[in-house]
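Okay, thanks for having me.

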Amino acid sequence: MSTLDEPLKKLVGGTTAKVLADSLGLHTHGDLLHHYPRRYVERGELTSLDELELDEHVTVMARIEKTEVIPFKGRKGNRLQVVVTDGRGRLTLAFFNQAHRAHELRPGRQGMFAGKVGVFNRVRQLANPDYQLMDDEDAGPAEDFAGRLIPVYPASAAMPSWKLSKAVDVLLGSLDWELVQDPLPEPLREGRGLLPLRDALQGIHRPRSQADRIAAQSRLKWDEAFVLQVALAQRRAADSAQPAVPRIPRDGGVLDAFDARLPFTLTEGQQKVTAEIFSDLAQDHPMHRLLQGEVGSGKTMVGLRAMLAVVDTGGQAAMLAPTEVLAQQHHRSIVEMMGDLAEGGMLGGSEQGTKVALLTGSMGVPARRQTLLDLAVGDAGIVIGTHALIEDKVQFLDLGLVVVDEQHRFGVEQRDALRAKAERPPHLLVMTATPIPRTVAMTVFGDLETSVLDQLPAGRSPIASHVVPALERPNFLARAWERIREEVGKGHQAYVVCPRIGDAEDEKKAKAKGKPPEGEDRRPPLAVLDVAAELSAGPLKGLRVEVLHGRMQPDAKDDVMRRFTAGRLDVLVATTVIEVGVNVPNATVMVIMDADRFGVSQLHQLRGRVGRGSAPGLCLLVSEMPGASAARQRLDAVAGTLDGFELSRIDLEQRREGDVLGQAQSGVRSSLRVLSVLEDEEVIAAAREEAVRLVALDPGLEGQPGLLGALRSLLDADRAEYLEKG
């Protein structure tokens, strides 16, 4: 009998165990038991072949339509070509020098075929695929599958689905179920009407009916949601137990002086979110709050007022920005908004004010030294900076608040390193302009309280978005350049965005990549330097066109942004360096070249750079992809709505959900197997409530050995570190 912690070697043999580990990351009995089927097929049901993607390892179920042995021309050998169909699409199987297989791969027979999807003569094919015939009169696999659902597992080239299925069969027959502890507390399981763990695992791997499968998945979704929410509830409880300095703004301070000068009224949403933040700041434990909002909803204003509130208590605030362009833009706009209140202690500065400092890696030595001194002695109440803020030399007199802008651009370690510069844990405000569906916020940012800004300030104009099919309608692209000329003629400005720079470094990378695989787009992405030169000499000749990209010298970048902001440039041809934080109200039109090469959320962010003033905004998404392609459908979705939350949902569906604990970048595998953060909102919300209740009653989970074991499995070293530092 076996337990879940045992390595797979004894169960399946050393060779198979190595393949399972190397290709699928499965090492123990527990790993294999929780490697659930991706889908199920019924005997006689055929798998859709018309949606197979290139380079994907697939297992399909289909019927053989045609078999032909084709001799090679001019040399020995042959190719056995087998065409299979599901009644709608067709797929070719190619076997090289294996003509003997024609005897069993006869037309009319049905089977499961596994391999990597490639292309030959513009037809999709599997080369030398593994297969198992489902109606083999001699071997009898059909008897194994007769009368029930056939599981199709996430597989690899070296480990097709049916081999995984056999390994699972062996495991299910050898497990000592008495030693398999249930992570769900019994009262919760019974109260929610969920299956016992053994029944759920049997039902997910070997369902006798669709009802079996649904009941098993419902139970296992709860396992995943509940274990994750318990981990996050423990994190929130630990945060609440830490001491922090309450920050209650005083009357007549810099915040009051700033508010008195505001030429506009805060939106209802800004006032509500500010009240939530100020309530958190007044507590004696650290604030951990996520502020998410639409592009242009006024997050920077809310963040600034929180920083001023902390300055009023004698503390300091640091804003961490992901790029120098964004740090400089924030510093410039905050100084402009504050006026002489940003010149505290300086000649001409307000007595109520404070110094607003900037710290980036490219600053000159004298300016850098002065900023470090201002922070150490407390003269600078606010500092805006890049990763340079994290360096050891940076010391604060009393760091009370850390504001992280565009959280997804930073690693947890970087955020933690800045927080560690305070004697007591500082309050934390995380801001993102990438809208996040509610259930994702409950998982990815589950250790943070969430505030949402979904109102645009008064005076913001709508943005019209259109797809420009450059190949199908070249006159549309010509019209795009005419529209820029028209806007410039009205005194406005424009952005043109390209996917890459086009300098020597770019060319070197392109050469290193070599020839793209067959079926891929062979034209390299359009580049800033090339497009800017073509526009200046062609359709935008006579306009003041400049470039902006990440490999320019910092002084040059800052100079270009200053001139564009001041209206001394007409058109800025840039990379995504302008994606967040850049605020030029006079810019009214944006043309995004090769728009299909950008993600949905990224396009929404870029689009938010126009329409920031009183004039309407226009965003043109240029693409050479055909109208029926998935890429064009994605662009149509962006053009069809300005709702960032709807677009984030589309983006998540297309990118797949990844590892919700933030480690998806490693590309290993998701911690969620049956739970969908998009579709299972009710389960996640209910699991969160149950988790909070349990952790409040039993913080150490001393009465829950099964749950503790599941937490240990979920929180490997990387994920534990993520939560610890979150």
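Let's start with two helices, H7, residues 197-205, and H8, residues 210-241, which pack at an angle of about 125° with their axes 8 Å apart. This is a predicted model, so local features need pLDDT of at least 70 and side-chain atom pairs count only at pLDDT 80 or more, while totals for chains, interfaces and linings use all residues. Residues are numbered from 1 along each chain as its sequence is written, and side-chain values use heavy atoms, with hydrogens and water left out.

For the bookkeeping, helices (H or I, at least four residues) and strands (E, at least two) are DSSP runs numbered from the N terminus. The axes are lines fitted to C-alpha atoms, for helices over the stretch in contact, and angles run from 0 to 180 degrees between N-to-C directions. So H7 is oblique to H8; under 35 degrees would be roughly parallel, over 145 roughly antiparallel, 65 to 115 roughly perpendicular, and the rest is oblique. The crossing of the two is left-handed, meaning the near helix is turned anticlockwise from the far one by less than a right angle, where clockwise would be right-handed.

Who touches whom there? From H7 we have Leu197, Ala200, Leu201, Gly203 and Ile204, and they meet Asp212, Arg213, Ala216, Gln217, Arg219, Leu220 and Asp223 in H8. Contact means heavy atoms within 4.5 Å.

Now for the rings. How many aromatic pairs does a search of the whole structure find? It finds 3. Rings of Phe, Tyr and Trp (its six-membered ring) pair if their centres lie within 6.5 Å; planes under 30 degrees apart are stacked, over 60 edge-to-face, and the rest tilted.

Put together, ring pairs link Phe95, Phe113 and Tyr131 into a cluster.

Is Tyr131 buried or exposed? Buried, at a relative accessible area of 16%, and Phe113 is buried too, at 0%. Phe95 is buried as well. The cut-offs, with a 1.4 Å probe and protein chains only: buried is under 20% relative accessible area, exposed over 50%, partly exposed in between.

One more ring: the charged end of Arg75 sits over Phe72, 4.1 Å from the ring centre. To count, NZ of Lys or CZ of Arg has to be within 6 Å of the ring centre and within 35 degrees of the ring normal.

Two single residues next. Arg632 is in helix H21 (residues 630-640) and counts as buried at 9% relative accessibility. Leaving aside neighbours within four places in sequence, Arg632 contacts Val467, Pro469, Glu472, Ser623, Met625, Pro626 and Gly627.

Ser165, in helix H5 (residues 161-174), is buried at 5%.

Zooming out to finish, the chain has 25 helices and 21 strands, and of its 726 residues 53% count as buried.
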